[in-house]
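Here's a fold to walk through together, from the overall layout down to single side chains. Have a look at the sequence and the model first, and then we'll go through it piece by piece.

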Amino acid sequence: MASFPLPTVDDESSVTRLLEQALTAAESDLATTRACVARAAALLEREPAASPALPPAAPRRRVGAGLAPWQARRVAAHVDENLGFSITIDQLASIAGLSSSYFCRAFKDSFGDPPHAYIMRRRVERAQTLMLQTREPLSQIALACGLSDQAHLCNLFRRLVGQSPSHWRRSRWQEA
């Protein structure tokens, strides 16, 4: 059994070296491979705690993934124009010229949210605009935004904004 010396934590490239050693040992020594991978995982787990001053890492995006700019513009425009109606993944995927499954992954990579969450957020944003511009009842605003009823608007609004639509509306009207 070949023995590979494990680098210390002080070594800047210890994780890289551990993974290189694991790759070298992978074909001949499973125990060493496991030990190297376990040590690398332990170092990676310890890494964020060692530097609390650093901001949290942004979610990783796959290189080359996502919608092309023209696809993102067309999809976003379609969503904004049709918020009062039913919008399906199949419709959005056909606008982008992609399969539904690939579209969902690419959409999330481009917009940061899955399509349904993005559409719901845009509907709440539209409802906020309508609440400030009109005196329409919340039930009418909910229907105009493509939501099934006022209760749906209230639940969604509270989840995304943190307060009820009526409270949010009253506080904004009083400020104006």
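In what order do the elements of the protein chain run from the N terminus on? They go α-α-α-α-α-α-α-α-α. Helices here are DSSP runs of H or I with at least four residues, strands are runs of E with at least two, and both are numbered from the N terminus.

A word on the ground rules. This is a predicted model, with local features needing pLDDT of at least 70 and side-chain atom pairs counting only at pLDDT 80 or more, while totals for chains, interfaces and linings use all residues. Residues are numbered from 1 along each chain as its sequence is written, and side-chain values use heavy atoms, with hydrogens and water left out.

The protein chain has 176 residues, and 31% of them count as buried. Buried means under 20% relative accessible area, exposed means over 50%, and partly exposed is in between (1.4 Å probe, protein chains only). As for how the chain meets itself, take the contacts between residues at least 6 apart in sequence: 55% of these join residues at least 24 apart. Contact means heavy atoms within 4.5 Å.

Let's start at helix α1 (residues 14-25), where you'll find T16. T16 is partly exposed, with a relative accessible area of 44%. Follow the chain for 24 residues and you get to A40, whose C-alpha is 8.2 Å from that of T16.

Further along, W70 sits in helix α3 (residues 69-81). With 39% relative accessible area, W70 is partly exposed. If you skip its neighbours within four places in sequence, W70 is in contact with I95 and A96. W70 and A96 are 26 residues apart in sequence, and their C-alpha atoms are 8.5 Å apart in space.

A96 also takes us to a helix pair. How do α4 and α5 cross? The axes of helix α4 (residues 89-96) and helix α5 (residues 100-111) come within 9 Å and cross at roughly 85°. The axes are lines fitted to C-alpha atoms, for helices over the stretch in contact, and angles run from 0 to 180 degrees between N-to-C directions. On the α4 side the contact is made by I89, D90, L92, A93 and A96, and on the α5 side by S100, F103 and C104. Sorted by type, the residues of this contact are six nonpolar, one polar and one charged. Nonpolar covers Ala, Val, Leu, Ile, Met, Phe, Trp, Tyr, Cys and Pro, charged covers Asp, Glu, Lys and Arg, and the others, Gly among them, are polar.

Since a cysteine has turned up, what about disulfides? A disulfide is a covalent bond between the sulfur atoms of two cysteines. The rule used here asks for a pair of cysteine sulfur atoms within 2.5 Å, and the count comes to zero disulfides. C104 is partly exposed at 29% relative accessibility, and C154 is partly exposed too, at 22%.

Next, the charged side chains. How many salt bridges does a search of the whole structure find? It finds four, a salt bridge being a side-chain nitrogen of Lys or Arg within 4 Å of a carboxyl oxygen of Asp or Glu. One of them joins R122 and D80, at 2.8 Å from N to O. This pair links distant parts of the chain, with R122 in helix α6 (residues 115-133) and D80 in helix α3, 42 residues apart. R122 also meets E125 in a salt bridge, at 2.3 Å from N to O. R122 and E125 are three residues apart in helix α6, so they are separated by about one helical turn. D113 pairs with R121, their closest N and O atoms being 3.4 Å apart. D80, D113, R121, R122 and E125 are linked in a network of salt bridges. D80 is partly exposed at 27%, and D113 is partly exposed at 23%.

Last stop: S164, in the loop between α8 (150-161) and α9 (165-175). Is S164 buried or exposed? S164 is buried, with a relative accessible area of 14%. Beyond its neighbours within four places in sequence, S164 is in contact with F157 and R158.
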